[in-house]
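This report covers salt bridges in one protein model. The sequence and structure come first, followed by the pairs and where they sit.

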Amino acid sequence: MKYLLLVLLIFSLKSEIYAQANMDSLLGTWNNKTISDTNRLNALHTILSDVVFHSNQPDSALVLAGQMYDMAVENNLRKYKAAALNHKGWCLGWKYENEKALTVFEQGLILFTELGDNLGLADSYLGMGSVYIEKGDYPKSQEFLSKALRYAEESENKKKISQILHFKGSSYFQSGNERAALENWERGYAIAQEADYHYEIAMSLFNLGNILAIQGNYRKALDNYESADTLFKELGDSVILPTIISNMGGIYRFIENYSKAIEYLHRSIEL
């Protein structure tokens with residue numbers, strides 16, 4: 001019996017990528033000690049939220065998160081302190097240091113609860129849910145992801161809702177509940193399309209490609225992967241591309257189109 005093997009991405013979803021010029025501008029703001037600490041922290045928060053996670057450099061991101069935390073503590077800025085904790089949690093998750101990540105997310109959760117910051121709570125619960133996916137504890141992941149979704153919906157933040165639905169779908173998919181995965185990914189895709197969130201659209205296309213492949217709809221799965229590949233290239237995100245190309249090669253191998261399978265295997269290795 002043949003089995004189609006697909007690669008999923010869990011710790012891959014943050015916000016959209018910024019151009020290098022904007023990255024340089026943000027770093028310039030962060031390094032400019034003549035402006036207010038709040039503006040510097042805002043710049044670093046944006047860097048950590050929207051740029052660094054796509055560079056696949058969790059160690060560098062962890063250093064920046066630590067600097068953000070130290071400055072927030074020094075100036076008694078609790079909101080930024082909480083945000084820095086969430087950033088540290090995501091970085092540790094990237095490094096597969098799951099227990100440390102959970103501890104840090106829990107610390108952020110306490111602060112965001114005291115602040116009454118629903119969007120911050122959504123991100124803390126999302127981070128914890130993603131760690132439990134990595135640990136293979138899918139019921140626990142759904143418990144935290146459902147809390148994250150509730151706070152995101154109360155905040156009416158469509159981007160965060162779409163992101164959480166990505167993780168809920170991933171949790172269901174890895175636990176073998178393809179129907180629930182599809183429901184969450186389709187809902188996330190619809191929200192991303194409505195709001196024109198390019199990164200979330202691309203990730204949704206990738207997710208749905210996985211479902212279609214499992215269901216045996218290989219042509220549609222390949223179309224979704226191709227569309228996701230195009231969008232990620234436009235966004236400048238090269239981290240996910242080998243995974244997409246590898247999955248496409250896996251489909252071609254499964255349907256015994258070996259010349260195409262070899263072509264995509266080589267492409268994934270070269271990326």
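## A network, and the total

D59, K95, E97 and K100 are joined in a network of salt bridges; a salt bridge here is a side-chain nitrogen of Lys or Arg within 4 Å of a carboxyl oxygen of Asp or Glu. Over the whole structure, the search finds 16 salt bridges.

The model is predicted: local features need pLDDT of at least 70, side-chain atom pairs count only at pLDDT 80 or more, and totals for chains, interfaces and linings use all residues. Residues are numbered from 1 along each chain as its sequence is written, and side-chain values use heavy atoms, with hydrogens and water left out.

## A pair between two helices

D123 and K160 form a salt bridge with an N to O distance of 2.9 Å. This pair connects distant parts of the chain, 37 residues apart: D123 belongs to helix α6 (residues 118-135) and K160 to helix α8 (residues 158-174). Helices are DSSP runs of H or I, at least four residues, numbered from the N terminus.

D123 counts as buried because its relative accessibility is 12%, and K160 is buried as well, at 12%. Buried means under 20% relative accessible area, exposed over 50%, and partly exposed in between (1.4 Å probe, protein chains only).

In helix α7 (residues 138-155), E143 and K140 lie three residues apart, about one turn. Their salt bridge spans 3.7 Å, N to O. E143 is partly exposed at 35%, and K140 is partly exposed at 29%.

Helix α11 (residues 218-235) holds R219 and D223, four residues apart, about one turn of the helix. The closest N and O atoms of this salt bridge are 3.3 Å apart. D223 is partly exposed, with a relative accessible area of 36%.
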